[in-house]
Amino acid sequence: MSAQPTPAITAVGAPPPPTLLGGVAFGDQLRVKRWRLHNGLTLLGCLDTAAPVVSYHTWFRVGSRHEQVGKTGLAHLFEHLMFRETLHLPEGEFDRKLEEIGAENNAATWLDFTQYTISAPAARLPLVIELEAERMQHLVLREPQVQGEKSVVANERRFRVEDDVEGALSELLWATAFTRHSYRWPTIGWMQDIEGFTTEDCEAFYRTYYAPNNATLVVVGDFDEAQLLSLVTDCYGHLPAAALPLEDVYPEPPQGELRRLEVTKPTLTEKLLLGYHCPALGDVDHLPLSLLGEVLFGGRASRVVQRLVLQAELATDARIFVGTFKDPGLTEIFLSAREGHTAEELLAMLDEELERVQREPVTLEELERARARAELALLTSLETTDGKASTIGFYETVLGRPAAAFERLEALAQLGPSDLLRVARRWLPRDRRTLLLVRCSTEDGPGSTEAVEEPA
Amino acid sequence: MSQVEQVAPRVFVESSSALPLVSFSVSVPLGAAEDPDGQLGLTRLLAILLRRTAGGRTAQQLDVAVDGLGASLAVDVTQSTLSLSGSVIARNLPGVVELLADAIARPGFDEDELERAKRETLAELVESRDDDRTLAQRWFRRRLFQGHPAGRSVSGTPATLAAIDRPALLAQHARLITREQLHFAFAGALTPAQAAEIAASVSGLAPSGEARSSLPQEPPPQPGRRLVVVDKPERTQTQILIGCLGTHPHDADHLPLLVGNTVFGGTFTARMTRAIRSDRGWSYGAYSSLPSDRYRQSFSMWTFPRAEDAAPCVALELELLERWVAEGISQQELELAQRFLVESHAFSVDTASKRVGLELEQQLHQLPPRYYQSYTERIEAVTLSEVNAAIARRITPEDLLVTVVGTNDRLGPELRRAVARLAEAEVIPYTRD
């Protein structure tokens with residue numbers, strides 16, 4: 001291979017091998033082992049020989065929370081640039097080499113982290129490690145690539161936000177509910193910020209955050225442990241640790257009032273979005289609040305779906321997302337009205353259900369169903385090596401505990417109706433929430449039930 | 001790595017102790033193509049009612065039971081298949097088997113539930129107009145497969161749904177859900193003997209009878225270049241699908257065309273992504289695809305540039321397509337595509353449920369014997385001349401459908417100019433059913 005990445009070893013002598021720091025059970029059959037390199041790079045390995053494949057994830061502890069006003073979206077734009085040119089790989093070669101070995105390759109940026117994922121046939125692990133190490137230290141940032149990728153990201157924003165009703169609403173909800181914390185801007189960034197980024201902005205971001213002591217490697221699959229440790233040492237061991245900047249994040253002041261907005265969108269049905277400030281993922285209230293979300297919105301047997309979607313037939317869709325973030329985030333509730341019904345009707349009936357869980361305990365049967373659903377969701381997410389690596393990397397990056405998914409599953413068994421009653425009263429305050437009501441801008445909005453027949 | 005076993009006719013299983021989880025599916029190789037003309041949506045409603053009235057229970061009782069077992073149970077209807085499938089925490093498998101048996105053999109087909117499902121379907125049809133990509137796919141299929149069952153709506157329309165009643169459901173159930181048509185697939189924490197026993201107990205309850213599929217293999221050709229603009233207000237962006245009829249898995253040139261498609265738009269470094277995303281930054285994604293089914297499927301190119309770039313993007317796509325057809329691909333491109341397809345097949349078979357799923361698809365789509373088992377060897381055997389001949393034979397730049405979801409006032413005239421030799425143009429309001 002003419003453009004094979006070669007680690008630029010500058011230190012005298014070979015870097016020391018990673019230090020084993022311990023291990024933890026990951027379910028009944030697997031174990032996650034933790035090593036650290038002398039430069040602070042964390043390596044988590046989980047041997048899983050169910051298939052001859054391996055997933056190699058690189059998690060950086062930088063997300064949109066680390067951005068500044070006027071520079072929103074930089075973490076996400078930078079994630080795009082990581083797929084372009086490096087010192088030893090011309091434009092397009094990184095992806096071409098991965099395609100040649102049949103690898104699956106992607107990345108994601110969110111509020112608290114940036115995640116790069118590669119899954120490959122097990123025998124190809126050495127090349128995967130070399131490629132990931134190459135772009136972590138030798139990325140080339142030039143004006144044409146930065147300009148081109150800004151245009152791609154602007155188009156991604158049009159796709160996910162401008163022309164997507166739900167995407168636009170979610171962005172507006174967070175920007176209204178948060179006034180101080182950096183969670184108030186979207187990970188993809190405001191359009192004017194995306195358009196304003198310079199190559200220098202991207203270079204500064206790379207130098208600041210893409211350091212070994214700000215990253216965790218998660219490796220799951222059929223690998224040889226000695227070979228893995230040797231390769232990781234060779235490819236990353238010479239990288240210097242960086243002085244990471246102080247995290248300049250302000251806590252969000254308590255929301256002391258109801259915030260209400262109405263917007264008009266080109267949609268045929270009204271929508272309702274609610275935001276309640278919620279505890280951080282590591283907070284003792286997070287798990288019971290998530291379980292309460294299951295009781296209310298989890299599946300067709302849940303209370304809100306039963307009442308608003310199936311019985312009253314007011315809504316076509318009813319969903320909840322209890323934010324899973326490092327700092328306190330938002331619980332989002334989304335409802336879409338059926339034709340002829342209004343957002344106010346949805347809100348009135350929803351409020352009855354929310355008041356009910358604040359007034360009286362949920363039943364033990366409901367709790368059991370919610371627990372069973374949570375267990376099924378975890379198990380199905382762990383079928384592939386990529387699913388396991390994502391779960392391990394997420395909980396390691398946000399909580400520092402790679403097997404926390406199973407800890408949470410065990411903790412579910414200890415929760416009772418009183419826990420759900422407590423979090424319902426604390427975290428679903430009617431007078432301190434954010435409401436977004438969506439009106440239809442088309443003539444065929446609520447009230448129109450006539451369908452246009454397609455001509456033969 | 002364990003292997004898929006066939007433990008009885010149309011019963012496939014792969015045991016795996018990796019997780020305390022069992023995935024399952026019961027399917028028939030008959031789908032929405034079996035809907036009578038005036039009752040489009042009938043087969044989908046049949047599937048929904050199987051799930052919601054199993055054993056004469058109410059939908060709520062069933063939802064409570066499924067969730068309480070730590071299970072999922074979903075229905076899926078395509079033009080060629082109907083399936084009930086899901087997963088369950090292994091210790092609760094017996095409970096799900098009982099529900100499955102009741103769904104297949106003892107549905108109550110409650111009248112109220114039927115009416116509720118019809119109202120729900122109507123609401124979903126309205127809701128789906130919020131999604132521009134769905135709109136593009138819907139109208140692309142309808143126009144490309146005009147005159148063929150694949151061009152009809154699986155969900156139905158207000159008029160056809162209104163024409164569906166309980167006797168129609170009962171008749172469709174008797175025709176489609178028969179012992180001879182049932183196909184079972186299981187993966188996970190169960191033994192082959194358990195799987196065989198479950199399949200026997202469920203199919204033993206189903207009536208006997210053989211239904212013949214009414215899905216013709218060949219959709220009628222649609223000559224000329226046609227433009228369909230799905231007109232939706234306030235669009236800053238467009239959704240563009242361009243394509244023609246593709247291949248059938250039984251065609252000798254299906255795999256050669258698949259390799260050619262990989263070079264053209266099947267990966268992140270393919271020609272389409274390079275030209276549209278990497279070189280011009282016009283769209284977040286630009287891909288082409290060549291799906292397969294029991295009938296001749298489509299070849300399509302998909303991208304979504306901003307409104308200002310839509311017309312030049314369509315012109316560029318047509319230019320790329322014409323060059324691909326005229327010049328074919330190079331030996332170097334062929335080799336890279338072959339390596340990609342062969343090596344990445346590992347991720348189509350990396351779990352027991354995926355391996356069983358491929359076996360089931362092989363049966364339901366009536367693919368040639370050992371289709372997936374021999375897939376990588378056949379990909380490796382494809383030659384450059386076979387690929388280029390397949391592209392030239394199957395891709396028809398002069399008989400092409402261009403579907404664009406966007407704001408017509410802003411885009412219509414430019415789009416017409418962008419499609420050289422345009423034979424026909426149509427503007428469809430996005431609110432049309």
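Reader: What separation do the centres of domain 1 of chain A and domain 2 of chain A have, taken over C-alpha atoms?

Author: The two centres are 28 Å apart. This is a predicted model, where local features need pLDDT of at least 70, side-chain atom pairs count only at pLDDT 80 or more, and totals for chains, interfaces and linings use all residues. Residues are numbered from 1 along each chain as its sequence is written, while chains are lettered from A and ligands numbered from 1 in the order in which they are written.

Reader: Where are the domains of chain A?

Author: Domain 1 covers 19–236 and domain 2 covers 259–440. Such bounds come from an automatic or database domain assignment.

Reader: How many residues of each domain of chain A does the contact take?

Author: Domain 1 of chain A gives 35 residues and domain 2 of chain A gives 32 residues. Two residues are in contact if their C-beta atoms, placed from the backbone, lie within 7 Å.

Reader: Which element gives the most to the side of domain 1 of chain A that touches domain 2 of chain A?

Author: That is α5(A), with nine residues. Helices (H or I, at least four residues) and strands (E, at least two) are DSSP runs, numbered from the N terminus. Elements giving two or more residues to this side include β1 (19–26) and α5 (165–177) of chain A.

Reader: What classes of residue make up that side of domain 1 of chain A?

Author: There are 20 nonpolar, eleven polar and four charged residues. Ala, Val, Leu, Ile, Met, Phe, Trp, Tyr, Cys and Pro count as nonpolar, Asp, Glu, Lys and Arg as charged, and the others, Gly among them, as polar.

Reader: Why are α4(A) and α5(A) called roughly perpendicular?

Author: Helix α4 (residues 143–162) of chain A packs against α5(A) at about 90°, and the axes are 6 Å apart. Axes are lines fitted to C-alpha atoms, for helices over the stretch in contact, and angles run from 0 to 180 degrees between N-to-C directions. Angles of 65 to 115 degrees count as roughly perpendicular. Therefore α4(A) and α5(A) are roughly perpendicular to each other.

Reader: Which residues make the contact of α4(A) with α5(A)?

Author: α4(A) supplies Arg160(A), Val161(A) and Glu162(A), and α5(A) supplies Gly167(A), Ala168(A) and Glu171(A). They divide into two nonpolar, one polar and three charged.

Reader: How far apart do the C-alpha centres of the two domains of chain B lie?

Author: They lie 29 Å apart. The contact takes 26 residues from domain 1 of chain B and 25 residues from domain 2 of chain B. α5(B) gives the largest share of the domain 1 side, nine residues.

Terms used:
Parallel < 35°, antiparallel > 145°, perpendicular 65-115°, else oblique.
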